[in-house]
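Here is a short briefing on one protein model. Please look through the sequence and the structure first.

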Amino acid sequence: FVLTIGQIDLAHFRGRKGKRKQEAMLEELQLRHEAAVREMLACPTCTILATGRSWEALMSDKWGEAVLTPSLKVVCTDNGEDLPVYLNSARTGAKPKWKIVQGCGPVAFEMSRAKNGCVFKGSLCEAGLTDGSVYEPEEEGLAREEHLEIIEQVGMAARAAESSEAATEFYNRLAAHKPVFARDNWAQVSEYVCELAGAQKQADEYDQRERMKQNMTAAELERARDWSKHAAAAENNEDFGDFM
C-alpha cells in the first residue's frame, strides 16, 4: 500500500532555484523515512479484513480507525537506503498514478481500481515486488475475528523484537510465509509469533504493575529506566571516576 507523507505545491518550485529547493526537500523526506524502515503503519488490507468494511467506507467515516500492523518499507539496498519517494502525477479527481521523484525503484505504479488504498497488482509484478499471488479470504474461510486475532498477535510480537537482529529475523520469517493470513502460512509461523507475543504481554503486565506501584505514567516509567541505563553506563565509563 502507499504511505502518503504530505502534499506539495509544485508552483513553489519553479526555475533552477526552485528545482534545487524541491530536490533538497525530497531528499530530507527520504532520509527521514529511511530512519524507520520497519514501522507500525495503517494497512488497508488488514483494516478491511479486521473490520469487514471497505477502505472507501472507512475513509469517509471520520470516526473510523485503521488497523496498525508491522510494515517493511521498500528500499533498494540491504542497509535500508534509497527509499523511493513518489509524486502523484494524475489530475485532481482521477485515479492516482505515482511517478518516482527521489531514490531508486519502479518508475511508476498505479493504484488498484478497487479503491482499497493498495497498489495495482500488475505494477507490483512488473517491479518484481511480488509474484502476483493474492490472498482470498473467502477461499481460506477465516472469520473476521480470526483475522483480527492474527493481526493483534503479529503486532504484539513486533513490539517484542526490539533489537535490530531480532527485528530482522522477525520480518524475514514473516516475509518467507506471506500472505500470513493463509491457513498453511499461519500454521508455519504461529508458534513463533505467539511466543514473542506472549513474552511481550508478560512485559506489559509487569510494566503495569510497576507503574501502579510507583504511581507513574508509562512515559515517566520509561524516562526513569532510561536514566538508570545512562547512569549505569556512566559508572562503567573509565573517565567517570576522574570526573567525579
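## Overview

The protein chain holds ten helices and five strands; helices (H or I, at least four residues) and strands (E, at least two) are DSSP runs, numbered from the N terminus. This is a predicted model, in which local features need pLDDT of at least 70, side-chain atom pairs count only at pLDDT 80 or more, and totals for chains, interfaces and linings use all residues. Residues are numbered from 1 along each chain as its sequence is written, and side-chain values use heavy atoms, with hydrogens and water left out.

**Overall build**

- Along the principal axes, the C-alpha atoms fill a box of roughly 65 × 55 × 35 Å.
- Of the 244 residues in the protein chain, 28% are buried (under 20% relative accessible area, with a 1.4 Å probe and protein chains only).
- Take contacts (heavy atoms within 4.5 Å) between residues at least 6 apart in sequence: 51% join residues at least 24 apart.

**Sheet 3-4-5**

- Three strands form an open sheet in the order 3-4-5, with antiparallel pairing (two strands pair if DSSP finds at least two bridges between them).
- Strand 3 (85-88) and strand 5 (108-110) are the edge strands, each pairing on one side only.
- On average, neighbouring strands of this sheet are turned by 35 degrees against each other, direction ignored.
- Strand 3 and strand 4 (residues 97-102) run antiparallel and are joined by four bridges.
- Leu87 stands opposite Lys99 in strand 4.
- Helix 1 (residues 15-34) lies across strand 3 and strand 4, at about 100 degrees to strand 4. Axes are lines fitted to C-alpha atoms, for helices over the stretch in contact, and angles run from 0 to 180 degrees between N-to-C directions.

**Helix 2**

- Pro44, Cys46, Thr47, Leu49 and Ala50 are buried in helix 2 (residues 44-51).
- These buried residues pack against strand 1 (38-42), helix 3 (55-59), strand 2 (68-72), helix 5 (137-140) and helix 6.
- Gly52 follows helix 2 and has a positive phi, near 75 degrees.

**Second largest pocket**

- The second largest pocket has a volume of about 230 Å³. A pocket is an open set of points on a 1 Å grid where a 1.4 Å probe fits, with protein on both sides within 12 Å along at least five of seven lines. Its volume is the space filled by probe spheres set on the points.
- Lining residues (an atom within 4 Å of a point) include Arg159, Glu162, Gln200, Asp204 and Lys229.
- Helix 6 (144-160), helix 8 (183-214) and helix 9 (218-236) each give two or more residues to this lining.
- Helix 8 gives the most, with four residues.
- By class, the lining has two nonpolar, one polar and seven charged residues. Asp, Glu, Lys and Arg count as charged; Ala, Val, Leu, Ile, Met, Phe, Trp, Tyr, Cys and Pro as nonpolar; the others, Gly among them, as polar.

How values were computed. Buried < 20%, exposed > 50% of the residue type's maximum accessible area, 1.4 Å probe, protein only.
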